[in-house]
Amino acid sequence: MIGAPEAPPTPGAGPRAAPGRPAKVAHVVLSLNVGGLERVVLRLLERTARDRFAPVVCALQEPGALAEELARLDVPLVVIPRRPGLDPGLPVRLSAWLRREGIGLVHTHNPGPHLYGALAAGLARAAGLAGGGGGGGPRVIHTKHGRNYPKQKRKVLVNRLAAALTDRVVAVSDDARAVAIEVERVDPAKVVTILNGVDTDVFRPGEAGAARARLGVPAAGYHVGCVARLSPEKDHATLLAAFARLREVRADAHLTLIGDGPVRPALEQQAARLGLGGAVTFTGTRGDVAELLPAFDAFALASLTEGISLTLIEAASAGLPIVATRVGGNPEIVQEGETGLLVSPGAPETLAAALEAVAVREDRAEMGMRGRARMIERFGMDRMIRAYEDLYAEVLGG
């Protein structure tokens with residue numbers, strides 16, 4: 001790993017890299033397990049210009065299933081374990097690591113890493129002042145990947161405290177920006193909106209037959225797909241209930257759920273109770289989602305809450321019409337009636353009706369292609385990477 005910066009820091013800014021050396025950026029996460037947030041982090045690690053920024057990942061729980069990707073990307077990983085419950089010693093341990101490694105910028109992801117990372121950076125800056133460092137020390141950027149429980153007062157207060165110690169808060173949707181400003185009372189001057197990006201050359205329309213063969217699902221029929229972690233907030237239970245209603249009028253319908261998680265056994269039992277039998281496929285976690293999306297005629301997401309769903313962006317990029325709940329940033333992805341349909345959360349009857357309506361639309365394919373055009377225009381990967389690079393440079397003062 002690169003040594004500590006040699007050039008003196010600018011007062012009020014993070015430590016500058018020595019001439020010819022990139023600034024060291026620490027991405028602080030809980031882990032790199034499978035999820036949208038983690039995939040955004042990996043894309044930043046993969047594509048951020050290495051001649052300007054040298055990334056490292058710090059996990060506060062465990063490396064996670066996606067950590068093996070770091071070796072391919074030549075990105076160092078350190079685990080600084082968080083003790084159960086509130087861990088007052090973690091900011092001290094994390095701060096010591098930041099100073100030892102000469103980290104110029106701390107980029108946090110998720111509320112826990114935000115709190116600990118911001119506190120640690122503040123301690124490191126204070127140590128620099130005490131040691132005659134001229135006010136240098138790591139700066140902090142936080143990406144707010146979701147809504148982060150705006151109705152839970154304690155968590156709102158924690159987010160507010162962390163934001164007070166942070167240079168910029170990145171909202172991944174207009175909805176997340178509104179929560180940051182209106183609920184968490186973050187200074188609007190600190191909040192920047194950077195939409196999640198998708199590689200539209202990877203996630204693109206393909207041949208349905210080959211994708212269905214890859215999945216092992218029927219070649220014919222109306223196929224609905226969902227890619228999401230099998231966890232309560234994604235509300236697959238409502239999706240299964242809606243699909244059972246859809247099957248009453250569309251006997252050729254098939255549902256594929258890509259992903260895994262704690263509620264999978266309960267969902268499999270629910271599918272059996274509903275008599276869905278071979279009409280529902282649980283694939284578990286898959287690493288070939290881009291190749292599987294063309295198998296579907298429509299994409300469904302029944303989430304109770306979202307920041308801005310990366311899987312929705314990927315599905316739209318693949319040319320799929322979408323049926324999703326009207327929560328979080330979903331309406332910023334799905335244009336009602338143009339690229340898909342939006343429904344209220346927790347309403348299986350409405351969700352079933354929307355899936356049926358998409359099935360019979362004569363312009364179903366055109367609906368999907370309109371969605372792809374919108375993803376290319378607004379959610380391109382290069383746009384996201386450049387926006388983060390510009391923000392890094394601004395916060396670092398150079």
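This is a predicted model: local features need pLDDT of at least 70, side-chain atom pairs count only at pLDDT 80 or more; totals for chains, interfaces and linings use all residues.
Residues are numbered from 1 along each chain as its sequence is written, and side-chain values use heavy atoms, with hydrogens and water left out.

Where does Thr281 sit? Thr281 is in strand β10; helices (H or I, at least four residues) and strands (E, at least two) are DSSP runs, numbered from the N terminus. Is Thr281 buried or exposed? It's buried, with a relative accessible area of 18%. For the cut-offs, buried is under 20% relative accessible area, exposed is over 50%, and partly exposed is in between, with a 1.4 Å probe and protein chains only. The side chain of Thr281 also makes a polar contact of 2.8 Å with the side chain of His254. That term means a pair of N or O atoms within 3.5 Å; within protein, one must be able to donate a hydrogen and the other to accept it, and residues adjacent in sequence count only if both atoms are side-chain atoms.

Now the whole strand. Five of the five residues of β10, 280-284, are buried, so the strand is largely enclosed by the rest of the structure. In a regular strand, side chains alternate between the two faces of the sheet. In β10, Val280, Phe282 and Gly284 are on one side, Thr281 and Thr283 are on the other, and all are buried.

Thr256 has Thr281 as its bridge partner in β10. On its other pairing, β9 goes with β8 (residues 222-227), parallel again, over six bridges, and Cys226 stands opposite Leu257 in β9.

Zooming out, six strands form an open sheet with parallel pairing, in the order β10-β9-β8-β11-β12-β13. β10 and β13 (340-343) are at the edges, each with a single partner strand, so one side of each has no neighbour in the sheet.

So, back to β10: an edge strand in the sheet, yet buried at five of its five residues.

How values were computed. Two strands pair if DSSP finds at least two bridges between them.
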